[in-house]
Amino acid sequence: MDVAYDIYDFEINGTTLNKYNGRSASVIIPDGITSIGYSAFANCNCVEKILIPDGVTSIGYSAFKACPNLKMVIIPESVNTIADEAFKGCTALESIVLPAGLTFMGRWVFSGCTALKVLAIPENVVSLGYSAFSGCTALESAIIPHGITELNDDVFSGCTSITIAHLSDSVTSIGKWAFKGCTALKSVNIPDGVKEVGEGAFSGCTSLEEVYIPSGVRHIGMCAFTGCASLTISCEKKKPLFPFMGKWDKDWLGASKTDAPKVLWNCKNKPINFENTIDKEQDMVYTDKNSIETDDVK
């Protein structure tokens with residue numbers, strides 16, 4: 001797409017866009033750019049919509065951080081990397097479609113995007129950074145695709161509108177505080193391949209009703225399920241003879257007895273068929289590139 005623009009709007013070094021100096025509400029980044037640099041649009045109060053052209057492969061550290069009025073971003077299929085804090089604190093961001101070729105998402109990448117309701121993580125993503133979606137209080141679901149083996153610490157902590165989380169069979173560990181304070185979360189599956197559930201992983205999930213823990217889970221951290229008073233945990237393994245179950249912390253349910261979950265042992269049948277309860281394709285995630293107005297683009 002050939003679009004005329006004022007040379008003073010963009011600071012470009014080679015094929016890297018280093019800084020946007022314009023005042024437009026809708027921005028089309030010039031063709032020929034392959035990377036968006038450190039803090040290129042950070043703290044831009046004017047920008048509401050951005051179209052990133054084909055050919056861009058990486059979105060850099062803090063590239064769009066704290067753009068308070070940014071509502072929509074169109075990312076091309078060529079992008080494979082989104083670095084740390086790229087969209088952190090974009091509190092008006094409502095819609096974003098991630099490209100199928102994306103493989104890496106950094107730390108705090110969408111942290112604090114409080115208006116973001118639906119986001120589909122592409123199948124090719126192999127890494128979600130620490131606290132990637134923390135504080136996304138409008139996010140409604142967490143669908144983890146095949147290819148991701150580890151849920152990092154704090155990845156969905158404080159996402160108070162998530163009602164269901166589906167982890168693919170590739171996941172082997174759930175990090176510390178991964179779903180801490182997800183107060184609307186009702187359903188989550190722990191795949192058979194999971195070996196570790198980190199400290200406080202589901203702490204404060206007050207709406208959580210059922211969790212099935214397969215026998216392959218070797219470690220559960222302290223307070224992993226603390227504050228989950230409505231929860232019934234079905235464990236595939238038999239109840240241990242001794243209170244210290246190998247690497248299961250003695251306070252894995254939390255120190256308080258008043259709000260501790262109910263635990264059932266030697267359960268061989270999973271309580272929920274998650275495959276039938278989740279639309280993994282996220283059909284409602286769609287953005288029309290033509291919806292970006294270009295009249296004010298220079």
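A: Ile213 stands opposite Cys235 in β20. These residues belong to a pairing in the parallel sense between strand β18 (residues 210–213) and strand β20 (residues 232–235), which extends over four bridges. Strands here are DSSP runs of E with at least two residues, helices are runs of H or I with at least four residues, and both are numbered from the N terminus. Two strands are taken to pair if DSSP finds at least two bridges between them. β20 is joined in turn to strand β22 (residues 262–264) by three bridges, and these strands run parallel. Within that pairing, Ser234 has Leu264 in β22 as its bridge partner. Strands of a sheet pair through backbone hydrogen bonds, in a parallel or an antiparallel sense.

Some conventions apply throughout. Residues are numbered from 1 along each chain as its sequence is written, and side-chain values use heavy atoms, with hydrogens and water left out. The model is predicted: local features need pLDDT of at least 70, and side-chain atom pairs count only at pLDDT 80 or more, whereas totals for chains, interfaces and linings use all residues.

The protein chain has zero helices and 22 strands. Of its 298 residues, 49% count as buried, that is, under 20% relative accessible area, with over 50% called exposed and values in between partly exposed (1.4 Å probe, protein chains only). The accessible surface comes to about 13,200 Å², and carbon and sulfur atoms supply 49% of it; the areas come from the Shrake-Rupley method with a 1.4 Å probe, and for residues only the protein chains shown count as cover. Among contacts (heavy atoms within 4.5 Å) between residues at least 6 apart in sequence, 34% join residues at least 24 apart.

Parallel pairing is found in another part of the chain as well. Four strands form an open sheet in the order β3-β5-β7-β9, and its pairing is parallel. β3 (26–28) and β9 stand at the edges, each with a single partner strand, so one side of each has no neighbour in the sheet. Neighbouring strands of this sheet are turned against each other by 10° on average, direction ignored; the axes are lines fitted to C-alpha atoms, for helices over the stretch in contact, and angles run from 0 to 180 degrees between N-to-C directions. β3 pairs with strand β5 (residues 49–51) in the parallel sense over three bridges, and Val27 stands opposite Ile50 in β5.

An open sheet of seven strands has the order β1-β2-β4-β6-β8-β10-β11, with mixed pairing. Its edges are β1 (10–13) and β11, each with a single partner strand, so one side of each is left without a neighbour in the sheet. β8 and β10 pair in the parallel sense over two bridges, and Thr81 stands opposite Phe104 in β10.

The structure holds 15 aromatic pairs, counted where the ring centres of Phe, Tyr or Trp (its six-membered ring) lie within 6.5 Å; planes under 30 degrees apart are stacked, over 60 edge-to-face, and the rest tilted. One of these is the stacked pair of Phe64 and Phe87, at 5.1 Å centre to centre and 10° between the planes. Phe64 lies in the loop between β6 (58–59) and β7 (72–74) and Phe87 in the loop between β8 (81–82) and β9 (95–97), so the pair ties together parts 23 residues apart in sequence. Phe64 is buried at 0% relative accessibility, and Phe87 is buried with a relative accessible area of 0%. Phe110 and Phe133 form another stacked pair, at 5.9 Å centre to centre and 5° between the planes. Phe110 is in the loop between β10 (104–105) and β11 (127–128), and Phe133 is in the loop between β11 and β12 (141–144), 23 residues apart. Phe110 is buried at 0% relative accessibility, and Phe133 is buried at 1%.

Two further loop residues complete the account. Ser170 is placed in the loop between β14 (164–167) and β15 (173–174). Leaving aside neighbours within four places in sequence, Ser170 is in contact with Pro145, His146, Gly147, Ile148 and Thr149. Asn189 is placed in the loop between β16 (187–188) and β17 (196–197) and is buried, with a relative accessible area of 11%. Asn189 and Leu167 are 22 residues apart in sequence and 6.3 Å apart in space, C-alpha to C-alpha.
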